[in-house]
Structure formats: structure tokens, C-alpha cells
Amino acid sequence: MAPQQPASAEPAAKPAGSLAADQAQRVVSVTDQVEPVVLHTPGTLGNGLLAPENLRLTSSNAATVGLGQVSGAQLGTRGVLRLSLAGNYLQSSNFPTLTARETRTGIGLGLAWTPLDFLEAFLTYSASANTNTRSSPSLIQTLGDFSLGVKASKEWRKGLWAGGDLRFLSFPGVGSQALGRFAFGIVPRAVATYDFRVLNPKAIVRGHANVGFAFDGTGGLVRPGALNAAEEFALGINRYHRLLVGLGAEVPLPIATAYLEYNLGVPLGAATLTSPDGRRVGVAAAMPQTLGLGAKVTVIRDLTANLGVDLGLTPTVAFGVPATPPWALQFGLAYHFDPLAQPKGGMRVVEIIREPVLTPPAPPPTRVAGRVLAPDGKTPVPGALVTVVGAEQPPVATDDPAGRFLSYDQPAGGKITLAVSRDGYQPTTAEVELAAGVTTEVDLKLGERAAPPGTLEVLVRFEKAPMAANAVLKGGPAPVEFTVPAEAAGHRATHPAGKYTLELTAPGFLSQTRELELKEGATLSASFELTPEPKDKLVVVKDDRIDVLQQVHFVTGQAVILKDSHALLNQVVDAIVKSNIKKIRVEGHTDNVGFKPANLKLSRARAKAVADFLVAAGVDASRITSEGYGDSKPIAPNLTPKGRELNRRVEFVIVER
């Protein structure tokens, strides 16, 4: 359960004027704290670039929460009532036909309410005035277009909202066009919203997607051919049901929320269409298609202005499908409030009849109040937890958006230590000097933002089958031990970003090690293929060295390791991991055949080649050094072939355990 702010204690009654008073005393009690009202679209000027208050959940041109035309799936705070005024304007020549001059003005009123966390209901009324030199009459007005809808949505995972909305449409007839009855329509859609700040706090982008159908009955109000293209556009006649697709993205910045949206309506059941000049045109050339650009600005609390322009992407006009103008200006205002919320601050007066009492009044409480701020020392942080260290009291949370808190009653006088924490920030503490009977005001500052951890996946297989193994992750404050289960998914866990060494052991198999680097917020997959332990072990760990019972073979006269020695060196890696050897030196030696400088150079190259093999097998390079001694340290006389063979060797000296 989320911690709550403590309720303010009711002030004690005023003492009686005389202990002998025998009449009831009339006392007025004043409540000195009221829960703060949540701001649904606060003013954003002066906010930081990444401040969460920059988000504007405002009404779209269709009354419901969204951008311009694209609907959003995040509904906002329960109980909010949204009033909106939306309009559009366009003026164009040669539209919708050549030589025609078009002017259109539209206006709409909207009302939306969020009665439940997952439900929004909305109602719109719209009217338009359309003047075109090719329509009869030239001025056509439409009044009384109504729509009623509901939207249901929830947050399925952090940052992802999805659901659907259903809208019912009503279109009245227009007397000048002899449309004597109403037409109806229904529009079901799926809606989704994703906030990319979940992946990276600096990615201040939110995406929206709408997919649905429009079942529109306006085409049945007049017979085909009764209207020309200008009149069909003015009256919004649709003779085909449509597949609707809407995509949008918004960037909530302190000054404004800029957005970009794309809307498409695909007529269903139409193979070809007819243009005003009688040509047959394809559906793709005439279907409504627009690109919208706009911005939402909130300067005054809870009042947001929306200004944008829709650019037409459809090159052709056809009968039965609404013509797409080359451009249209969109504008609107939205006001949000909670009609049932208590006003912020203020007092509540309660009249109480009390009998006189002999006990003295309780001393006023000693508390701590203040704000929690971001590392910049300016930006309030809502949702932070403030705890009194060592006290048996639950933490209190800061409010939204002011970032304020109020502690429980504290012992009078002395000092207390406050600890403040918030997801995404480093926790901090502060010592506060208390004064008896007063509320001490403090500002607490959080530490720098904590880097998001990385996710490590460890997969272990043998001959393509999952295997169980034991692992140790080194490189953090302390080694982390875990077991990799014998499952296809392996082991998955988060760790702070950084460089690590992973050591893997499994009974009956050679141990392995690998250097890893976890990036912030990224997933790293480390896959291991196990190698069975050989029946005859060729490696023995002693106090100061690792003895190999078989020579490391090289190409004659070169520092190239032959493949038949790879298994031997893998056993050396196994010995380093199982014995937890911290540092090792690889030494190269030769016989006395040839020139000494050449032998010294070859011994150094061969020692380095073996060290490089161990590093490639996963051993940390900082744990390995190499050196060559040529023929200066023989272990057998160079007088016989056997002696020279023994002198051509690689040794592994333990430097630190």
C-alpha cells in the first residue's frame, strides 16, 4: 500500500475561562490541512526538459484524449471533466474542382468525462459553413452533427496503454439540399499509446496508434449523382464504409507539446471511383490521407491551446469519397477540472459543543514539512518517500506537482535524520534541528539520477541441450554467485552497468571464464558451450606453477599454435578458474639450435601467442603476462634430440593466488 500523508491533528479546545465554569463552551475547530488537488494539465513554463509535468493529457479535436485527430489510450486522472472547443478553417482555389473557389469554417463543442480509471465517455456537437463557387447554393451550412462515444483502456505494462473506443454518429438533413431525414454511423477502433521514456528517460517521445472502421450512412441520404463534388464535400457525404488508420507521435517539452500525425481512410468495397470530369480513378489516388503537424501549449493551469495544420496527401477528387483539401488549419481550446475535488487549501469550520475540562491543552505538534527537489535543486519531485531514520513510523510521500511532504508528529526538540528516496535517483539523508511546537521547513535534494541497470542472460548448452551450471560474477562490490538452470531460457538477472568477469563451472565439464560489459538499460546474452573433462588430465596445479604433462605444439620455427594443443590449453583455463589463480606468467623457452637472438625472439612470440589464446578463451588480460628466455634456461642437456625437445617448452608460473 502506498504511504499516505498523516492527517492533521485537530487543534485542542480553548481552555475554559474559569475552572468553576458550569456552562457548556462553544468551540470552533479549524481544519488546517486539505489534500492538495491534482493538476491535470499544469502550466509548464519554466519546467526542466525532462520534467514529468510537461505531459499534457488534453482533448483532441474529437473531444476524447489525444493529439489533433489521433486518439490516445492513456485516460489520465479519474474524475476529470474536459470541456473543449475545436475549429477548422481552409481556403483554396481549384478545389474540389477546377475553377472552383472553396472557403470552409467548422466549429465543434466537446464534453468528456473519466468516471473510472479505465473508462472515458465523450459527446460532441459540430457545425460548419461551406462556401464554394460551384455549389448550389454557394453557401451550405450543416448544423447539429452529434457524436457520442466511450473509450476503455488500461496500462498493460509500464508505459504501454491499450484499449478501444466506440463512437455513435448522427447527421441531420439539410433543407437546401432536400435531405429530409437523419443518417447514422458507428466507428469502433483499437487505440494504443506507448511512452518511450520507459526505455530511456531522455527519449521524450510518446507514440499513438489507432485502427478501426467507420460504418457511415450519409451516402443513403441522397441518390447517386444528385450532388456535385463541391456539394458532397460541403455535406460530408460518404458512400463507402472505411478502414481507418491513425499514427501519431508527440514530444512533451516545457514550452509546448509538438506532435506529428498521419491519418488514412480506405474505402471498402470500391474497385474504382469516378472523378468530377468523368474519369475512372483508382481507390488509392482518391482515398482521404493527411499529414498533421501541431503543438499544444499550456500557459495557464488546466487550460490548453491546440494549433495545427493538416496537409492533404491525396492528389485526386472522386465521387462518394470526401475530397481531401490541400491544407486545413486546426485550432482548439481545452479546459480540464475535477468538479468533485475539494479546493486547494482553505478552511473547514465545525461547531462543537464541549463540556469544560480541567486538563491543560496539549502542546502543539512538532513536525517537519518541506519539498523534495531533483539534483538541480529547483525541480520538485512528486512520489518521493521521506523516512525518519530510527523512528517506527511509515514513510510519507511527496505530492504532485509541488513535491511537498509533511511528517508525522516528532519528539519536541533535538535532531532527527531524514532519508529521501525515489526510483531513478540516488537516495540521500539530511539532519534536521527540531524546535518544539512548530513545523520546521526544509528542502531535501535527491542524489544524481541512478543509471538504469543492465540485464544479463546466461545460457549453457552441451550438444544443443540446456545444461545446469554454477556461475560467479566478479567485478562489482562483491562476487555474485548464482545457478544457471537446465532450461532453454537459462538465467536472467539485472546488475549495475559495468565490466565483469563471469566464471562458469559444471561437474564433469571444463570450467570457462569470460569478460563481459553490461551497458545501461541493455540486455547482454552470454552463451556457453560446455566441453567434457578428458579422462586423462594433462594439467596439474602446484604451489608456484601449473605443470602441463604434454608440450604445447607450434608450427616449426613460428609462433603459431597447432590445433592439437587447443584441448591442452582449455585445461589450463579450467585450472585457472577452479584454483582461483589471480595472476599467471607464461614463459617461452627454446633449445640452442640456431642464433641466440632469433631463439630469444621466437620464445617471446610463442609465450605471447599462448597468453593471447588464454585471453581469447575468456581469461582477463590483466591476469596474464608473458616472457621469453630463448635457450638461457635449459632443463636438459642440448646434446641429444630428446634433451632439445624437452627444452622447447612453455611454462605457466603462478605469480599471485
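Reader: In which strand is Thr 193 found?

Author: This is a predicted model. In it, Thr 193 belongs to strand S7, which spans residues 183-195.

Reader: Why is Thr 193 called buried?

Author: The relative accessible area of Thr 193 is 1%. Buried means under 20%, and Thr 193 therefore counts as buried.

Reader: What makes the pairing of the side chains of Thr 193 and His 208 a polar contact?

Author: The two side chains come to 2.8 Å. A polar contact requires N or O atoms within 3.5 Å, one able to donate a hydrogen and the other to accept it, so the pair of Thr 193 and His 208 qualifies at 2.8 Å. Thr 193 is also in contact with residues beyond four places in sequence, among them Gly 72, Trp 161 and Arg 206.

Reader: Which residues are closest to the centre of the second largest cavity?

Author: The second largest cavity has a volume of about 60 Å³. Of the 14 residues lining it, those closest to its centre are Leu 57, Val 65, Arg 206, His 208 and Glu 250. By class, the lining has five nonpolar, five polar and four charged residues. The structure holds six cavities of 30 Å³ or more.

Reader: Is Asp 574 buried or exposed, and how do you know?

Author: Asp 574 has a relative accessible area of 10%. The limit for buried is under 20%, so Asp 574 is buried. Asp 574 is found in helix H3, residues 566-578.

Reader: What lies 2.5 Å from a polar atom of the side chain of Asp 574?

Author: The backbone nitrogen of Ser 511 lies at that distance. Leaving aside neighbours within four places in sequence, Asp 574 is in contact with Phe 509, Leu 510 and Ser 511.

Reader: Why does Ala 506 count as buried?

Author: Its relative accessibility is 8%. Ala 506 lies in the loop between strand S29 (498-505) and strand S30 (512-518).

Reader: Which residues beyond four places in sequence is Ala 506 in contact with?

Author: They are Ala 468, Ala 469 and Leu 530. Ala 506 and Met 467 are 39 residues apart in sequence, with their C-alpha atoms 8.7 Å apart in space.

Reader: What is the phi of Asn 94, and what is that of Glu 463?

Author: Asn 94 has a positive phi of about 60 degrees although it is not a glycine; this residue lies in the loop between strands S2 (81-93) and S3 (101-116). Glu 463, likewise not a glycine, has a phi near 50 degrees and lies in the loop between strands S24 (454-462) and S25 (465-466).

Reader: Where are cis peptide bonds to be found?

Author: One joins Ser 136 and Pro 137, with omega about -5 degrees. Another runs from Asp 400 to Pro 401, with omega near 10 degrees. Pro 137 lies in the loop between strand S4 (119-132) and strand S5 (139-157), and Pro 401 in the loop between strand S19 (396-397) and strand S20 (404-406).

Technical notes
Residues are numbered from 1 along each chain as its sequence is written. This is a predicted model: local features need pLDDT of at least 70, side-chain atom pairs count only at pLDDT 80 or more; totals for chains, interfaces and linings use all residues. Side-chain values use heavy atoms; hydrogens and water are left out. Helices (H or I, at least four residues) and strands (E, at least two) are DSSP runs, numbered from the N terminus. Buried means under 20% relative accessible area, exposed over 50%, partly exposed in between (1.4 Å probe, protein chains only). Contact means heavy atoms within 4.5 Å. On a 1 Å grid over the protein atoms alone, a cavity is a set of points where a 1.4 Å probe fits but cannot get out, and a pocket is an open set with protein on both sides within 12 Å along at least five of seven lines; lining residues have an atom within 4 Å of a point. Grid points are joined across faces, edges and corners, and a volume is the space filled by probe spheres set on the points. Ala, Val, Leu, Ile, Met, Phe, Trp, Tyr, Cys and Pro count as nonpolar, Asp, Glu, Lys and Arg as charged, and the others, Gly among them, as polar.
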